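Here's a walk through a two-chain model, one piece at a time. Have the coordinates open and follow along.

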Amino acid sequence: MAISSKSSTDEFIKGLWRDNPVFVQVLGMCPVLAVSNTALNALAMGLATAFVLIMSNIVVSSLRSFIPKQVRIATYILIIATFVTVVDYVIQAVSLDLYKALGAFISLIVVNCLILGRAEAFASKNTVGRSIMDGLGMGIGFAFALFCLGAVREILGAGSLFDVQLFHDSFQDWVVMILPSGGFFTLAAWLLLFNWLKQRKERKAKQDESAALAIRGEVA
Amino acid sequence: MSQAELASRPAPPSTWHMYRAMVGVGVFCGLLIVTAFQVTQPIIERNKAEALQEAIFHVLPSASTSRTYRLDESNGFKLLEGKARSEQLVYAGYDDQEELVGLAVEAKGMGYQDVIGLIYGYSFAEEAIVGIQVLESKETPGLGDKIETDQDFLQNFERLDVSLRDDLSELANPIVPVKHGEKSNPWEVDGITGATISSVAIAKILNQSAQYWVPRIRNNLGNFQGGE
C-alpha cells in the first residue's frame, strides 16, 4: 500500500516539474505560443487543457480492456474531442469575453499531442487512480508553464498582470512581447532557465557522489 | 516464424469487438455532449443577450430600456416580440419617460486579421453616431486591438456626423478615414498610427452601414416613437 501511494505521488510530481510537458518535453507548443499573450488567457487555456487531460485519462484508463488495440487511436480522439466540446460549452457559459479571447484554440485542444500522448503512453496501461494522478500532474504542469509564459509576456508587453497595472504611466510597453515573436523569446528564456537548473542539479549530484566515494575510499 | 510462435500469438479481436468499442464509446460521447449542450445553452443565450444589452446601453448612454425592431420587405420597421432572432435588426433605446433617444445598429466588415463586428449608437436629434463598441475582433494584440482601447480614436465616435441630404436619400458626407492628426471635419475618422488598417476598416464599416441604415431609420422614425 505504501509503495502504491508513493508511486502515485511520484506520477503527480513528475508532470509538475521533472517531466514538465512544456519546459522538459516541449509538447503542445501551438497553444503555448499562441494563447499566452496574457496571464488570464494562459491560465484559462492551461486549466481547460488540464480538465480534458484528466477526464480523458479517466475514461481511457477505465475502458482500457474494452478497447481493442486496432481502434484505440480513433477511440481516444473521440473521447478527447468530446471533453473538448464540453469545455467549449462551459467556457461560453462562464465568460463570453474569455471565449472570444481563446478563439479557435479551445477546439484545437483536440490535437494537442500531450493529451493523446498521455492516453496512449500512460492511461491505456495503468489503473484509473494512477491515470488521474498522471493527468493532474501533467495538466497542472502544463497550466503552470502557460501561466509562466503569460505572466512574463503580459508584465513586459502591457505593464500589467491580470489586467492590474503594475508600473507608472511612464513605463513603455514592450509590444513585441505580446506579439507572436514575444512568445518565442519568452519560451526560449524559460527553456534556458530550466536547462540551466537541470544541469546545475546534475552537476551537484555528481559532485556529491564523487565526495561520497572519496570518503568511503579514505575509510577503507 | 515457426508454427509454435504463431500459435502463441494472441488472436486478433473480432470485428464485433471493434464495433462494440467504437459504437459504445460513440454513444457515451454523444450523450455527454448532448447533456453539456442542454445544461449550458440557456446560460450561453442569457450571457449573449446580456452582453448585447450592455453594448446597447454603452452606445446609447441616455437609454434605460431598449426594444428590437426588424426592417421588413416594405422598408418599414416592425417590433420584434420575444427572443426571436433574425437579420436586419436595429435596437431602439428609450429614456425613463419612454422617449426615443436613439438607435443601436450592428455592423460587420473585414479588418486586418478577420471580421470586425461592432455596434454603434445613432442619435437622430444630433444626426450623428454617438458611440461605438467592438463586439468581435481578432485584430493583432498590442497593435490592431487599439481600436477598442485608444481614447483618441474612440473620441471620433462621441459625435461623428452622419447627417443626410435634404431629400433624406443618403449621407450628406460619407464617413472617411484620415491620417492621425489630420481630422478637420466632423464626418472624418482620425486614424491610429500603428493600427492603420484596423482603424480604416472601422471607418469603412461605419460608412457602409450608415449609408444603408441612416436613411431608412430617418424615413421611418414614426415606427419607433412610443415603442410602436
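## Chain A at a glance

Of the 220 residues in chain A, 38% are buried; a residue is buried if 20 or more other C-beta atoms lie within 10 Å of its own, exposed if 12 or fewer, and partly exposed in between, with C-beta atoms placed from the backbone. This is a predicted model, where local features need pLDDT of at least 70 and side-chain atom pairs count only at pLDDT 80 or more, while totals for chains, interfaces and linings use all residues. Residues are numbered from 1 along each chain as its sequence is written, and chains are lettered from A and ligands numbered from 1 in the order in which they are written.

Chain A has 8 helices and 2 strands, taken as DSSP runs numbered from the N terminus (helices are H or I with at least four residues, strands E with at least two). Along the sequence the pattern reads α-α-α-α-α-α-α-β-β-α. Along the principal axes, the C-alpha atoms of chain A fill a box of roughly 70 × 55 × 25 Å. Take the contacts in chain A between residues at least 6 apart in sequence: 76% of them join residues at least 24 apart. Two residues count as in contact if their C-beta atoms, placed from the backbone, lie within 7 Å.

## Two helices of chain A

How do α7 and α8 of chain A pack? Helix α7 (residues 128-158) meets helix α8 (residues 180-219) at an angle of about 125°, and their axes are 10 Å apart. Axes here are lines fitted to C-alpha atoms, for helices over the stretch in contact, and angles run from 0 to 180 degrees between N-to-C directions. That makes α7(A) oblique to α8(A): angles under 35 degrees count as roughly parallel, over 145 as roughly antiparallel, 65 to 115 as roughly perpendicular and the rest as oblique.

On the α7(A) side, the contact is made by A:C148, A:L149, A:V152, A:R153 and A:G157. Helix α8(A) brings A:G182, A:G183, A:T186, A:L187 and A:W190. By class, the residues of this contact split into 5 nonpolar, 4 polar and 1 charged. The classes go like this: Ala, Val, Leu, Ile, Met, Phe, Trp, Tyr, Cys and Pro are nonpolar, Asp, Glu, Lys and Arg are charged, and the others, Gly among them, are polar.

## Where the chains meet

Across the interface, 25 residues of chain A are in contact with 24 residues of chain B. On the chain A side, α4 (72-94) and α5 (96-102) each supply at least two residues. The largest share, 11 residues, comes from α4(A). Sorted by class, the side of chain A that touches chain B has 16 nonpolar, 8 polar and 1 charged residues.

Helix α4(A) packs against α2(B) at an angle of about 10°, with the axes 8 Å apart. The two helices are therefore roughly parallel to each other. In their contact there are 17 nonpolar residues, 7 polar and no charged.

## The sheet of chain B

In chain B, 7 strands form an open antiparallel sheet in the order β2-β1-β3-β4-β5-β6-β7. Strands pair if DSSP finds at least two bridges between them. At the edges stand β2 (77-79) and β7 (160-161) of chain B, each with a single partner strand, so one side of each has no neighbour in the sheet.

β5(B) and β6(B) run antiparallel and are joined by 7 bridges; B:S123 has B:A128 as its bridge partner in β6(B). Their hairpin has 4 residues between the strands, and B:E127 there takes a positive phi near 50°.

Most residues other than glycine have a negative phi, and most peptide bonds are trans. Which loop holds A:V26? A:V26 lies between α1 (2-18) and α2 (29-34) of chain A, and has a positive phi of about 50° although it is not a glycine. A:V26 is exposed, with 12 other C-beta atoms within 10 Å.

In chain B, B:L168 has a positive phi of about 55° and is not a glycine either. B:L168 is found in the loop between β7 and β8 (176-178) of chain B, and is exposed, with 11 other C-beta atoms within 10 Å.
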